[in-house]
Amino acid sequence: MTVDYKNYDDRFEAFFEEVKSNDAYDYKRIRHAYELAREAHKDQRRRSGEPYIMHPVAVAKILFDMGMDNECIIAALLHDVVEDTKYDIEFIKEEFGDDVALLVDGVTKLGQIPLSTREEVQAENIRKMFIAMNRDVRVIIIKLADRLHNMRTLEHMPPEKQREKSLETLEIYAPIAHRLGIRGFKEELEDIAIKYLDPLAYKEIENSLSMKKEEGEKFLKEITEQIKEKITPVMKNCQITSRVKSVHGIFRKVYIKGRNFEEIYDIYAVRIIVDSMIDCYNALGIVHDMFTPLPGRFKDYISTPKPNMYQSLHTTVLSNKGIPFEIQIRTWDMHKTAEYGIAAHWKYKIGKGGKDKLDDSLKWINNVLDNDNTDDASELIANIKGDLALDEIYVFTPKGDVKCLPRGSTVIDFAYAIHSAVGNRMIGAKIDGRIVPLDTTVQTGQIVEIITSKQVGKGPSRDWLSIVKTSEARSKIRQWFKKERREENIVEGRSALEHELKRNYIRFEDNYKYEAFIQKIADRQRFSSADDLYAAIGYGGLKISRIMPGLKDEYNKNWKEVKEPAKAVSMPDGSSESVASSNGVIVEGIDNCLINMGKCCNPLPGEPIIGFITRGHGLTIHRKDCKNVPSDLQNSPEPERWIAARWDSSLKIEARSTLNIYSINRDGFVLDVTTAILSAHVKMHSINSRPINDGNCLTTISVAVNGKEHLDSIIKMLSKIEGVYLIERTEL
């Protein structure tokens, strides 16, 4: 039903009066954009029942209040026209120019493209948004304003949509607002999201704040007056205000970090705005003289700004009544940046190659795009969430340069944050002058020195992929393996894929069929050859878990051979021919067969074993309690391939076994382990030790043993070492 324009107020005229009163705006173009949007959306309503045009008008008003430019206001009015109406982007370009068309296209979601899951759709929309942001960062400022108004009217959506939008807001949009320094957007988006995601916690915090409201307002008024009395005689152009911490800020500390409500020291905050940087430090001296500062609660973001350009002095002090509160001190320019972030420093060339101090604050956008080398939607979303993590740490190089990293980052992440060449040649690290393991996490304020190798081409370890926190480090490690280790990647990828195929009972009678099958899969994944497929798996660019459902489906439909039902192999009764191998294993009824030990369970002489016939690779020996041996052989997929085997007791065999030793982390522990092994005349192949959580240590050793009894005696001996509380035999 067509809406009668005369019967409702879309709030544009009041907004338009503000626009006309500001000479910076082209009110004729803005009026033209509004009239086009109103006409385009005339038959559309929001879930609340309101005419749809009220939404773009509200978004435009939010951006106007931030001081954004003509193109932003016009694009906000038109941002849903291309997506929801008959007008296309070419029409927008003809009517309003290239800039507006770029902004509208960047904000517009993807069309109806054939993507299988909601997560893939979300990933592609976010990928498109980041590409548009890289060209013009105003895209995301419009998108944030759009999301903010949608969140303000979320009560009209179904409960499942409320939760879905709130989670996406909390994980993607609020962190982006934080990265851009737009504090107002960030805090309001977070508070509304928590209201729908955890309404009970939200209500509890609201009630706690309400109970303290009168007391808090009185307290803040008294404190503000005390500070004014001391500062205004010294600094004339000074503003002192107060506020209560946001609901989400309290939620994070109470429900995520596990603190009591009473332990939150910055529920109350006073803000002091002065003319100059010198005045900031003078004001700090005055308030520290008035109140007792709490140790460890002072932060100087003026000398060390946050990546989003935020600058301020933060200190937490105790009032004369013993109530803790936070004081923030900044200049007027710093305050403008703190409130509006990148919008406060807007220049028309930002995002289009302009070189100024804002480049560094936008570097993370390039990082997200540079590190986006995966087709896996879930991995892309996880990478973006990790890169946008609100919890950040600030770590120093020995020269005093500051690197900002997500909390939980390791020294390897720090190395790659400096430069990919530093990470690729890294062999060690020092924190505050002490050598640390490579999986050590770094903390704010630490000085980290990366030790590099002069040997060219050494490169990173594959194990680092499971250690690093940032997608930037993970991407650079994969790129190195992709470029420098193709042959190694092919071998690694082939081995990993073959292992997974066997584990999922995907097997072929001859090698020709196997190669044809792999080529089919490579074609499906858009690789030019099977080697390219193996290489991608080898360097981590393609996850086997992602393609395995398709592999199973292809195999079952087109490649699986139909066989006559086979009888299960009976256990040996001593009547069949027994042949001993060079491995010291006796196989019942088989001669001249290559025998391998299963790496999944590392069977040792003296343990019950069983053999599995692997086509083209001989016989693999497993422990009978191995996880890869079916509990019911007769009803397993191919029972005829399991065959009886036993150890030849007449031969003395040397095997390798690996042990994980968990202990208290103490000096000299590795020396004690080494001494014990040598005194027992046991051959040791390797030893590696690293600290783990809560002051504990994991030491991994590989030793030569002649059987299960020998291994048990070694474990018993090692258990007597001071601090050892658990020893486990490792399996793959």
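## Salt bridges within helices

Lys20 forms a salt bridge with Glu17, with the closest N and O atoms 3.4 Å apart; the term denotes a side-chain nitrogen of Lys or Arg within 4 Å of a carboxyl oxygen of Asp or Glu. The model is predicted, so that local features need pLDDT of at least 70 and side-chain atom pairs count only at pLDDT 80 or more, whereas totals for chains, interfaces and linings use all residues. Residues are numbered from 1 along each chain as its sequence is written, and side-chain values use heavy atoms, with hydrogens and water left out.

Both Lys20 and Glu17 belong to helix 1 (residues 12-20), where they are three residues apart, about one turn of the helix. Helices (H or I, at least four residues) and strands (E, at least two) are DSSP runs, numbered from the N terminus. An α-helix has 3.6 residues a turn, so residues three or four places apart point the same way. Lys20 counts as partly exposed because its relative accessibility is 35%, and Glu17 is partly exposed at 45%. In this classification, buried means under 20% relative accessible area, exposed over 50%, and partly exposed in between (1.4 Å probe, protein chains only).

Elsewhere, salt bridges that share partners join Glu18, Lys61 and Asp65 into one network.

Side chains of opposite charge can pair when their charged atoms come close. The structure holds 26 salt bridges, including one between the side chains of Lys42 and Glu39 (2.8 Å, N to O). Lys42 is partly exposed at 27% relative accessibility, and Glu39 is likewise partly exposed at 34%.

## Surface patches

A patch of negative charge on the surface gathers Asp88, Glu90, Glu94 and Glu95. Patches consist of residues with over 30% relative accessible area and no salt bridge; like charges are joined within 9 Å, and nonpolar side chains (Val, Leu, Ile, Met, Phe, Trp, Tyr) within 5 Å. Lys and Arg count as positive and Asp and Glu as negative, while His and the chain ends are not counted. The place of a charge is taken as NZ of Lys, CZ of Arg, CG of Asp or CD of Glu. Asp88 is located in the loop between helix 5 (81-84) and helix 6 (89-96), and its relative accessibility of 42% makes it partly exposed.

Ile664, Tyr725 and Leu726 make a nonpolar surface patch of about 270 Å². Accessible areas come from the Shrake-Rupley method with a 1.4 Å probe; for residues, only the protein chains shown count as cover. Ile664 is in strand 18 (residues 655-664) and is partly exposed at 41% relative accessibility.

## Covered helices

Helix 20 (residues 411-418) is largely enclosed by the rest of the structure, because seven of its eight residues are buried. The buried residues are Val411, Ile412, Asp413, Phe414, Ala415, Tyr416 and Ala417.

Helix 9 (residues 138-152) is also mostly covered, with 13 of its 15 residues buried. Helix 9 reaches 21 Å from its first C-alpha to its last, close to the 21 Å expected at 1.5 Å a residue; the expected span is 1.5 Å times one less than the number of residues.
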